[in-house]
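Open the structure in your viewer and keep the selection tool ready. Each stop below says what to select and what is there.

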Amino acid sequence: MTTADPLMDLIASRLADAEAGWSVGTFGAIAEFTREPNEAFDMEQSRNGISVVTQKGGIRVVSHPDLRLIASESPTTESWSHRIALCLPHEASAMSGRTVLTELGPDIEALLTRDRSGILFDLGLGTLQIDAYIRVSDADAVAALRSRTGQSVFSPESDAMRIILAASPHRVFISRIGRAEVFQPIPPPGGRSPDGPHTHVLPKLLAHGRTHAATEPLPEGWIPCAHLYPAHPLRDQFGGKRAFRPDHHAAFQALLELYGLPELTACKRAVIDAVAKERGPETVMLPSDRTARATVRVALRQLAAIEPHAATVAAWLAVDRRDPAETEDPMEALH
């Protein structure tokens, strides 16, 4: 099914792709959605939105007149990451900004009809572009949390988090672009998040008050309200390593040409062109800012993956030095 909105058509195609991952979140709090290739799922597309739901969770993406897609890449410890941010202007992205535990009533917009009687509680994280909720169906847990509203869940005087961890309710993260729902249990303290849909809420990172990872190059004033992680050439949707997939690489490079920042795609093309012409790094004048240096490293790592024994790539890699200030972002490492 196609629509008059090419952005929503792209989103629909990636929602149908089990290799693609999704998230709704901010720096320090994120809900992620992935699914297994053979996992059963329901997909619905309406005039203004598209959703995919499995037994473990789901995601809905809705259209918005101000939606802008921004594709980008970043070097990681071993290779690179890539993503497409679904962005809105700062003012259009703002959610409630609540800072205390707040009861909202039944979740009438839940992805599944069975969940629409569950009671939503806003965790009160005070973030710009998302409201992070839990959806509680157990009457005792609802009553316990209801008596603890009006306080920060991080306050030493509140034991709301203890109740939440014991109840392990659904998590529902909502932005102006859509919602992600996680049905899987919350892991115990120190436990590992399960494969598939899961959430992270990290108070120390939330305290920075940032809207996205420092390693993600976004223009000032544009706020990521959701992220799409298309199929990666070196990793599956759960982060497992695999042999280089040139088809996945080519597919994302095409998206990067359409939705990447022009100054960074131009920088990357200059590196690729120089290597193709067997010209060393001393022959090319490139921007020296942080994002340009990161772009150069990504280009070199991709060229090395395509032609691991190319002498010119080796010469460029010999001068590829990691800036200590450009270490991998903790939120990037979660994907």
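In which strand does Ser-175 lie? Select Ser-175: the residue lies in strand S11, residues 170–175. Helices (H or I, at least four residues) and strands (E, at least two) are DSSP runs, numbered from the N terminus.

Before going on, note that this is a predicted model: local features need pLDDT of at least 70, side-chain atom pairs count only at pLDDT 80 or more, and totals for chains, interfaces and linings use all residues. Residues are numbered from 1 along each chain as its sequence is written, and side-chain values use heavy atoms, with hydrogens and water left out.

**Stop 1: around Ser-175**

Is Ser-175 buried or exposed? Its relative accessibility is 6%, so Ser-175 counts as buried. Buried means under 20% relative accessible area, exposed over 50%, and partly exposed in between (1.4 Å probe, protein chains only).

Now show the side chain of Ser-175. A polar atom of this side chain lies 3.1 Å from the backbone nitrogen of Ile-177. The backbone oxygen of Cys-225 lies 2.7 Å from a polar atom of the Ser-175 side chain. Not counting residues up to four places away in sequence, Ser-175 touches Val-24, Met-95, Gln-129, Ile-130 and Cys-225. Contact here means heavy atoms within 4.5 Å.

**Stop 2: Phe-121**

Select Phe-121 in strand S9, residues 119–122. With 0% relative accessibility, Phe-121 counts as buried. Leaving out residues up to four places away in sequence, its contacts include Leu-101, Tyr-133, Ile-134, Val-142 and Arg-146.

**Stop 3: a six-stranded sheet**

Next, colour the open sheet whose six strands have the order S6-S7-S14-S1-S2-S13, with antiparallel pairing. Two strands pair if DSSP finds at least two bridges between them. Which strands are at the edges? They are S6 (68–75) and S13 (198–201), and each pairs on one side only. Neighbouring strands of this sheet are turned by 25° against each other on average, direction ignored.

Zoom in on S2 (residues 29–33) and S13, which pair in the antiparallel sense over four bridges. Here Ala-31 stands opposite Thr-199 in S13.

**Stop 4: two helices**

Select helix H7 (residues 262–276) and helix H9 (residues 311–318): their axes come within 9 Å and cross at roughly 130°. Axes are lines fitted to C-alpha atoms, for helices over the stretch in contact, and angles run from 0 to 180 degrees between N-to-C directions. H7 and H9 are therefore oblique to each other. Angles under 35 degrees count as roughly parallel, over 145 as roughly antiparallel, 65 to 115 as roughly perpendicular and the rest as oblique. Val-271, Ala-274 and Val-275 of H7 make the contact with Thr-312, Val-313 and Trp-316 of H9.

**Stop 5: two loop residues**

Most residues other than glycine have a negative phi. Select Ser-168, in the loop between helix H4 (160–167) and S11; this residue has a positive phi of about 45° although it is not a glycine. Ser-168 is partly exposed, with a relative accessible area of 21%.

Finish at Glu-278, in the loop between H7 and helix H8 (290–306). Glu-278 has a positive phi of about 60°, and at 65% relative accessibility it counts as exposed.

Technical notes. A polar contact is a pair of N or O atoms within 3.5 Å; within protein, one must be able to donate a hydrogen and the other to accept it, and residues adjacent in sequence count only if both atoms are side-chain atoms.
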